[in-house]
Amino acid sequence: MAYIYEGGIPARVYLGTLLVALCFHPISVGGVDPVLNGIPSSSLPAAALKQEVALENGATTLNHSMAMVQRMEGLLAQGNGSDVALRVQTVNTDEVKVIQAHTLVLSLQSEVFEELLLSHNTSTLVLREPADCAAVFDKFIRYLYCGDISVRLDQAIPLHKLASKYRVWSLQQGLSQYMTGHLSSDSPTGHVVGWYQYAMQIGDANLRDSCLQYLSWNLSSVLQSGEWGSISDDLLLSLMQRSDLILQSELELYEALEAWIGKNQPAGLTVENALRQVRYGMIPPQHLFRLQKQSPVMLKYYESIRDLLFLAFQFHSASPVQLAKYFDVNCSIFTPRNYLSPSWGSPWVINNPTRDDRSFSFQTQLGPSGSDASKRVTWNALFSPRWLPLSVRAAYTNEMQATRTDGGRPRIIVTPATSSTDFAGVSFQKTVIVTARQGGKMVVRHVYNFHQSTEEAGDFLVEADLHRRASEYLIDSSLYLHVVVKPLYHSLIVARK
């Protein structure tokens, strides 16, 4: 049944447009304010008249949207004027929830509700939802009335399902952003793995990639959590293939893989594929000997990885340059990940990073092979809150003053203290890991990669406002970095994922 507005516009459309404007937009006042129950401007106090005069000059807006939202919330809670009852049945149970609602509001906010209400000539609309969605259905309906919603970590997926099912695109987008922004939030059993699986199901590439990046960059903490045991076979293999994993060592990854296999008892082919993704060349030979004799998984699947272990022992028995004459050293088994152990780099805490230039030195092994592990390389790292001219990069002296150019952005440079013939056939990738506090815990905020030929990361902290004490990149006014140096043999420059 259509009601016609005197201007020829259906009353339902007119009222709907007005309702949305009242609920979600500021009200520009002139003459009569609908929120003030139709009181003419002549009856308003002098202060309100001054506001109105200012409005004529295009300068003032009276905003009563919050009062309107409160009225809409009361309308839903009390059920006044309700013309439809939503009967929400939980699938496979006898649980039923009844919500008194209004056809106009539901139709305005959801085209699915509009179609359902037009096709049902009854005052009751029966909806069947799974248990997780039924539990938050009242919150979902409240959003349609009020335009805001409080969300817990465990409610994000069922609310997103409802927003998608009923085509409430603003809520769907907001929940996707919520999940992307709350990956580091603390939860008893973990939530990132579940969000990743959900993103895979619905085809949300942005959420999927955000979850995968978070798991990769914070893998050490994930390995120690209960969430590690819940990851799927496909997610496990996706992580094992990446070179940007941040963890203590490759041995830590192998031991975590062994624990995952013991808990989940996957198919033999899955175990073999996962074991072949371990980079055995990055594990010191003394640990490989121990694993051969003591690891139940390696003993059971030894034949599946015998060739990789043999290649790893050859890698440790000769120099990489000699090995390259006979074997392909560009394969993943010889490509380091981002290891946090002292052999690969050093942490660096910079207090008051906007104050002046800082420098420090640290040592790493020349490489992970048996012939290089005992050789040390000294590295000089320079951090400047401003741009450092090329002419003075080579000398790190107390007299050095950075020049304000290129917008004064922060820079970091990592170079070897000396050159050596041992560097022949090897290039070094530097990785700078920025750690921050999010959701009450330390997480990786950003990762920057650069190479021997460039000496610096040009986009380093380009989005960080280090002058702001509450900057997301700072912890107690300090910048927490970890510098990792990875030897890459011959032409292997770009880390594979």
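Here are some notes on this predicted model, point by point.

1. **Ground rules.** Because this is a predicted model, local features need pLDDT of at least 70 and side-chain atom pairs count only at pLDDT 80 or more, while totals for chains, interfaces and linings use all residues. Residues are numbered from 1 along each chain as its sequence is written, and side-chain values use heavy atoms, with hydrogens and water left out.

2. **Overall picture.** The protein has 19 helices and 14 strands. Helices (H or I, at least four residues) and strands (E, at least two) are DSSP runs, numbered from the N terminus. Of the 497 residues, 46% are buried; buried means under 20% relative accessible area, exposed means over 50%, and partly exposed lies in between (1.4 Å probe, protein chains only). Taking contacts between residues at least 6 apart in sequence, 66% join residues at least 24 apart, where a contact means heavy atoms within 4.5 Å.

3. **The S9-S10-S11 sheet.** These three strands form an open sheet in that order, with antiparallel pairing. S9 and S11 stand at the edges with a single partner strand each, so one side of each has no neighbour in the sheet. From one strand to the next, the twist averages 20°; angles run from 0 to 180 degrees between N-to-C directions, and axes are lines fitted to C-alpha atoms, for helices over the stretch in contact.

4. **Strand S10 and its partners.** Seven of the nine residues of S10 (residues 376-384) are buried, and the strand is mostly covered. Eight bridges join S10 to S9 (residues 358-365), and six bridges join S10 to S11 (residues 411-416); two strands pair if DSSP finds at least two bridges between them. On the S11 side, Trp379 stands opposite Pro416 and Leu382 stands opposite Ile413.

5. **Thr364 in S9.** This residue of strand S9 counts as buried, at 1% relative accessibility. The side chains of Thr364 and Trp379 are joined by a polar contact of 2.9 Å. A polar contact is a pair of N or O atoms within 3.5 Å; within protein, one must be able to donate a hydrogen and the other to accept it, and residues adjacent in sequence count only if both atoms are side-chain atoms. Leaving aside residues up to four places away in sequence, Thr364 touches Ser343, Trp344, Gly345, Lys375, Arg376, Val377, Trp379 and Val485.

6. Gln429 sits in strand S12 (residues 426-438) and is buried, at 3% relative accessibility. The Gln429 side chain makes a polar contact of 3.5 Å with the side chain of Asn449. Tyr448 belongs to strand S13 (residues 441-451) and is likewise buried, with a relative accessible area of 3%. A polar atom of the Tyr448 side chain lies 3.0 Å from the backbone nitrogen of Leu461. Tyr448 and Thr431 are 17 residues apart in sequence, with their C-alpha atoms 5.6 Å apart.

7. **Helices H13 and H14.** H13 (residues 233-240) packs with H14 (residues 250-264) at an angle of about 170°, the axes being 13 Å apart. Asp233, Leu236 and Met240 in H13 meet Leu253, Leu257 and Trp260 in H14. The residues of this contact comprise five nonpolar, no polar and one charged; Ala, Val, Leu, Ile, Met, Phe, Trp, Tyr, Cys and Pro count as nonpolar, Asp, Glu, Lys and Arg as charged, and the others, Gly among them, as polar.

8. **Helix H7.** H7 (residues 137-146) is mostly covered, with seven of its ten residues buried. These are Phe137, Phe140, Ile141, Tyr143, Leu144, Tyr145 and Cys146. Gly147 follows H7 and has a positive phi, near 80°.

9. **Pro284.** This proline lies in the loop between helix H15 (268-275) and helix H16 (285-294). Pro284 counts as partly exposed, at 33% relative accessibility. Pro284 and Ala312 are 28 residues apart along the chain, and their C-alpha atoms are separated by 9.2 Å.
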